[in-house]
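Look over the sequence and the fold first, then read the points by topic.

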Amino acid sequence: MEKKYAEYENLIYSYVKENINTVLKKPVGFIHYPFIDPGSVYDGNVWDWDTFWSVYGLLPLTTRIADDALTEQMIKHAKGNVYNFFDHQLEDGYIPMMIEVGQWPEPYLNMRHKEGVMMNMHKPFLCQQIYFISDFIGDYTWIKEKLSQLEKYFACYDQNYYHENCGLYVWVDDIMIGMDNDPASFGLPKNSTANIFLNSFMVKEFSCMASILDGLGVDGAEVYREKARKLTDHIQEEMYDQRDAFYYSVDVDIQTRTYDWFHQGLGVFWKTLPIKIRTWSGFLPMAVGFATKEQAESLVKHYHDMETFHSEFGVTTLAKDEKMFDLSVTNNPSNWLGPIWLVANYLVFKGMINYGYRTEAEELCRHSLKLLGEDLIETGSMHEYYDPFTGKPIMNGGFMNWNILVLNMVRELEEIT
């Protein structure tokens with residue numbers, strides 16, 4: 001690694017090491033187990049995919065820090081993330097995306113669900129987190145008693161979020177969808193969008209559930225492997241656009257609308273309609289690993305396109321030539337209409353590693369190191385997201401969470417050298 005990037009890496013490592021304890025939280029209110037929050041304005045909240053990425057970055061880092069007490073504490077908090085979500089699972093299997101301590105007697109999303117208002121549930125990162133923790137510590141037994149709850153979690157997904165006609169999963173609404181204001185889902189009717197983000201990570205979630213069952217030595221793993229295979233087939237059939245050589249989210253609200261004697265002939269026979277908006281999540285099939293070699297080759301070309309995704313600070317979260325491209329400062333929803341987010345950089349990086357594109361992976365690592373390193377030099381902090389043209393932070397200083405993944409990039413490149 002070039003000297004300046006090594007200096008950035010050391011600066012980021014030192015900052016994270018010094019500030020780990022700021023995101024390790026004790027039980028509070030109806031959050032009954034220790035947990036990890038993202039930092040910054042998200043202090044005190046347990047989030048679904050945020051906790052996963054924190055664990056994904058922090059657990060391996062404890063090996064480098066070589067502090068047994070810290071490692072033990074991290075494992076306790078990582079398991080606590082999972083236990084907190086199971087602690088608030090409802091009878092039908094629903095698990096909220098976020099557990100917050102505030103003005104309500106229980107998580108707000110659970111309250112709405114009990115009222116009969118169907119909202120999005122825990123994004124498909126629960127099994128991913130369980131598998132990652134279990135693999136890291138070499139023990140799956142800690143989660144064995146929760147298997148029935150995991151079964152109910154998947155059953156809830158299949159009952160309420162699965163679209164039988166096309167075989168894909170849909171967002172019920174546009175609240176807390178990870179990419180908060182993804183134009184492929186944000187502002188659209190309920191239950192109308194099968195998002196490539198959701199479906200790609202569902203493939204991974206099924207695979208991780210299979211690995212958990214294997215790790216426990218119990219039956220059922222092949223059921224989840226088959227679910228992953230079938231979902232992959234549906235994604236390839238419905239979400240990959242041959243002409244554009246890119247993965248899109250799709251509209252599933254497709255049916256023949258009959259009016260009196262009109263529309264009695266050939267009806268709608270296609271299952272979905274592509275929502276042709278290019279977002280960074282179109283690269284996720286490489287990160288999850290189900291893109292074909294030829295599809296990956298095409299996606300890499302999109303990565304290099306200076307008019308769309310390429311930036312000297314990483315990958316823009318929305319292609320620059322989309323009409324919705326915007327760098328406004330906004331929370332609730334957070335802005336994914338172009339700013340650089342480290343989790344997007346990492347997942348595109350991961351895809352490049354998976355398919356042997358080391359040059360591109362190294363470039364993404366350098367861009368990410370520069371982005372966060374310069375932020376620390378100039379502000380003494382890291383932020384939630386960044387301007388893709390200047391590298392300047394847009395908002396929410398003190399954010400750690402998936403910014404830690406830049407250290408994963410460095411380590412993973414070293415491991416394949």
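**A cis proline and the ground rules**

Proline 333 sits in the loop between β13 and α11. The peptide bond that leads from asparagine 332 to proline 333 is cis, with omega near 10 degrees. Helices (H or I, at least four residues) and strands (E, at least two) are DSSP runs, numbered from the N terminus.

This is a predicted model, in which local features need pLDDT of at least 70 and side-chain atom pairs count only at pLDDT 80 or more, while totals for chains, interfaces and linings use all residues. Residues are numbered from 1 along each chain as its sequence is written, and side-chain values use heavy atoms, with hydrogens and water left out.

**Helix pairs**

- Helix α2 (residues 48-65) packs with helix α3 (residues 68-87) at an angle of about 165 degrees, and their axes are 9 Å apart. Axes are lines fitted to C-alpha atoms, for helices over the stretch in contact, and angles run from 0 to 180 degrees between N-to-C directions.
- α2 and α3 are therefore roughly antiparallel to each other. Angles under 35 degrees count as roughly parallel, over 145 as roughly antiparallel, 65 to 115 as roughly perpendicular and the rest as oblique.
- α2 and α3 cross in a left-handed way. A crossing is left-handed if the near helix is turned anticlockwise from the far one by less than a right angle, and right-handed if clockwise.
- Helix α11 (residues 342-354) packs with helix α12 (residues 358-379) at about 160 degrees, with axes 8 Å apart. α11 and α12 are therefore roughly antiparallel to each other. Their crossing is left-handed.

**Salt bridges**

- Side chains of opposite charge can pair when their charged atoms come close. The whole structure holds 23 salt bridges (a side-chain nitrogen of Lys or Arg within 4 Å of a carboxyl oxygen of Asp or Glu).
- Lysine 25 pairs with aspartate 37 in a salt bridge, with the closest N and O atoms 2.4 Å apart. This pair links distant parts of the chain, 12 residues apart: lysine 25 is in strand β1 (residues 24-25), and aspartate 37 is in the loop between β2 (35-36) and β3 (45-47).
- Lysine 25 counts as buried at 14% relative accessibility, and aspartate 37 counts as buried at 1%. Buried means under 20% relative accessible area, exposed over 50%, partly exposed in between (1.4 Å probe, protein chains only).
- Lysine 123 forms a salt bridge with aspartate 48, and their closest N and O atoms are 2.9 Å apart. Lysine 123 lies in the loop between α4 (108-114) and α5 (126-137) and aspartate 48 in helix α2, so the pair ties together parts 75 residues apart in sequence.
- Lysine 123 is buried at 2% relative accessibility. Aspartate 48 is buried at 0%.
- Lysine 370 forms a salt bridge with glutamate 312, with 3.3 Å between the closest N and O atoms. Lysine 370 belongs to helix α12 and glutamate 312 to the loop between β12 (310-311) and β13 (314-315), so the pair ties together parts 58 residues apart in sequence.
- Lysine 370 is partly exposed, with a relative accessible area of 25%. Glutamate 312 is partly exposed too, at 44% relative accessibility.

**Surface patch**

- Leu266, Val268, Phe269, Trp270 and Leu273 make a nonpolar surface patch of about 560 Å². Patches are made of residues with over 30% relative accessible area and no salt bridge: like charges are joined within 9 Å, nonpolar side chains (Val, Leu, Ile, Met, Phe, Trp, Tyr) within 5 Å. Accessible areas come from the Shrake-Rupley method with a 1.4 Å probe; for residues, only the protein chains shown count as cover.
- Valine 268 lies in the loop between β10 (250-251) and β11 (273-274). Valine 268 is partly exposed, at 32% relative accessibility.

**Positive phi angles**

- Alanine 245 has phi near 55 degrees, a positive value in a residue other than glycine. Alanine 245 is in the loop between β8 (240-241) and β9 (246-247), and is buried at 15% relative accessible area.
- Asparagine 396 has phi near 65 degrees, again positive in a residue other than glycine. Asparagine 396 is in the loop between β15 (393-395) and α13 (405-415), and is buried at 12% relative accessible area.
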